[in-house]
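Take a walk through the fold below, from the whole chain down to single residues.

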Amino acid sequence: MQSLQDKDKRYIWHPYTSLLSPVVPIPVAKGEGVYLVDEAGNRYIDAVSSWWVTIHGHAHPYIARKLYEQAMQLEQVIFTQFTHRPAVELAERLISLLPAGFSKVFYSDNGSTAVEVGVKMALQYWWNKQPSPEQPPQRNKIIAFNKSYHGDTFGTMSLSDRSVFTLAFRDKLFEVIFIDVPDAENTQAVQQTMIDQSAQVAAFIYEPLLQGAGGMNVYQADLLDQLLVTCREHDIICIADEVMTGFGRTGSLFASEQVPTKPDIICLSKGLTGGTMALGVTACTEKITAAFQTTDRLKTFFHGHSFTANPLACAASLASLDLFTTEQTLEKVQRIANQHLSFAQKIKKHPAVKNIRTIGTILAFEYNSESNNYLNNIGQHITAFMLERNIYLRPLGNTVYIMPPYCITEEELERVYGAVEEYLEP
Ligand SMILES: Cc1ncc(COP(=O)(O)O)c(C=O)c1O
């Protein structure tokens, strides 16, 4: 009889994985809080929250119960002629929780689609404002950051740094104005680039405070704010991609809370459902919706997905938001943030540790090796070393990061730190 792994190898193409020498995947039988339990009963600490989505822990019984109850009522419905209670309640709750000024949410089904929707809204905002549909709008360019990552669809690849992820498609990606993330030296120059191009710019998209897949780069809220103020002054739509930073990751419920100037559009996914189901949300302000409130059918937002506002995903999201209150989730976030700070302090002088940084529940550093890029196989070596110690870490090249579910205990997090220290020892 073929093993599960043999059949997996025969039939399945895994993401970001070589077909010639694939990693042998571990068959997971169940999840339990911070642990993934394999079919042989081994328990691994999921120290990357299963691609940054699992926030309250795996198979949370409260979310599971709410999902079951919803599944017994309504599992899916076409979201044009119909609506349903979970979608309406979730929209109302998100709007009350998001930084002030958002008026509507648009549902989709993952992080990339949440961003696609945001960018399409911004581009069509300018198109709808044109006197004639025949003309291309004058403002049709997007500004994005170098080292950004916004997803794997063509639109979101275009908005992302030109890296190994997008190399094969480079000639098919639309043109974007890339700017550097602001720092103490370059902010004025970056602002000037934005101003110089502003007459053609529809929108600026950014991952607030933290660039995730681009290397866990943390940058300052006040410098980002200066760029957002420039956007305001030059009528550039601001799109915050909070697919990763949303729902507590950077210490506050949304990273945008830490930045005085708020976005016009915000994109959410990952932790939205507690990491249980796929769902995307793009929220926007009245400024955006006003451009679509017209009797001209051509100016409709022609976008939708089969699983738009899936009732199960909306129910899971409502349950996840309940847990933020009943389990004082943001206090757990704070505890992890403090623990990360102490650990960063402890290992920052280690010769193999470069540029250690923390923000909220994320700790990252560069492992000092000769080459610093995504294809550097030190990451795979670290993953294998950690798995032997029943911990799952998945560095980005030589960028090692810890991003646990918020239910991780102090002792469990110490175990992860201990394994990192062990790896650092010569
Ligand atoms: C900031 C950001 N935006 C968008 C995405 C894309 O989300 P998804 O993988 O759900 O398409 C990601 C995924 O890692 C992300 O980190």
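This is a predicted model: local features need pLDDT of at least 70, side-chain atom pairs count only at pLDDT 80 or more; totals for chains, interfaces and linings use all residues.

Residues are numbered from 1 along each chain as its sequence is written, and side-chain values use heavy atoms, with hydrogens and water left out.

Start with the domains. The protein chain splits into domain 1 (4–56 + 328–424) and domain 2 (65–325). These bounds come from an automatic or database domain assignment. The domain centres, taken over C-alpha atoms, lie 27 Å apart. Domain 1 gives 28 residues to the contact, and domain 2 gives 28 residues. Contact here means heavy atoms within 4.5 Å.

Next comes the seven-stranded sheet. Helices (H or I, at least four residues) and strands (E, at least two) are DSSP runs, numbered from the N terminus. Two strands pair if DSSP finds at least two bridges between them. Seven strands make an open sheet with mixed pairing, ordered β4-β12-β11-β10-β7-β5-β6. The edges are β4 (102–108) and β6 (177–179); each has a single partner strand, so one side of each has no neighbour in the sheet. From one strand to the next, the twist averages 20°. Axes are lines fitted to C-alpha atoms, for helices over the stretch in contact, and angles run from 0 to 180 degrees between N-to-C directions.

Now look at β12 and its partners. Strand β12 (residues 280–285) runs antiparallel to β11 (residues 265–268), and four bridges join the two. Within this pair, Leu 268 stands opposite Val 281, and Ile 265 stands opposite Cys 284. On the β4 side, six bridges hold an antiparallel pairing with β12. There, Val 105 faces Ala 283 as its opposite residue in β12.

How many residues of β12 are buried? Six of its six residues are. Buried means under 20% relative accessible area, exposed over 50%, and partly exposed in between (1.4 Å probe, protein chains only). In a regular strand the side chains alternate between the two faces of the sheet. Both faces of β12 are covered. Gly 280, Thr 282 and Cys 284 are buried on one side, and Val 281, Ala 283 and Thr 285 are buried on the other.

Helix α4 (residues 85–97) touches β4 and β12, and its direction makes about 135° with that of β4. Helix α8 (residues 221–233) lies across β5 (141–145), β6, β7 (201–206) and β10 (237–241). The α8 helix runs at about 160° to β7.

Is α5 enclosed or open? Of its 19 residues, 15 are buried, so α5 is largely enclosed by the rest of the structure. At the start of α5, a side-chain oxygen of Asn 110 comes within 2.9 Å of the backbone nitrogen of Ser 112.

Move on to the three-stranded sheet. This open sheet has the order β13-β14-β16, with antiparallel pairing. Strands β13 and β16 (399–402) stand at the edges with a single partner each, so one side of each is left without a neighbour in the sheet. Neighbouring strands are turned by 15° against each other on average, direction ignored. Five bridges join β13 to β14. Val 353 has Tyr 367 in β14 as its bridge partner. Helix α11 (residues 329–347) lies across β13, β14 and β16, at about 165° to β13.

Finish with two residues. Thr 361 sits in the loop between β13 (353–359) and β14 (362–367). Thr 361 counts as buried, because its relative accessibility is 0%. Lys 66 lies in helix α3 (residues 61–71). At 28% relative accessibility, Lys 66 counts as partly exposed. Leaving aside neighbours within four places in sequence, Lys 66 is in contact with Ala 315 and Ala 319. The C-alpha atoms of Lys 66 and Pro 15 are separated by 30 Å, with the two residues 51 apart along the chain.

Notes. A polar contact is a pair of N or O atoms within 3.5 Å; within protein, one must be able to donate a hydrogen and the other to accept it, and residues adjacent in sequence count only if both atoms are side-chain atoms.
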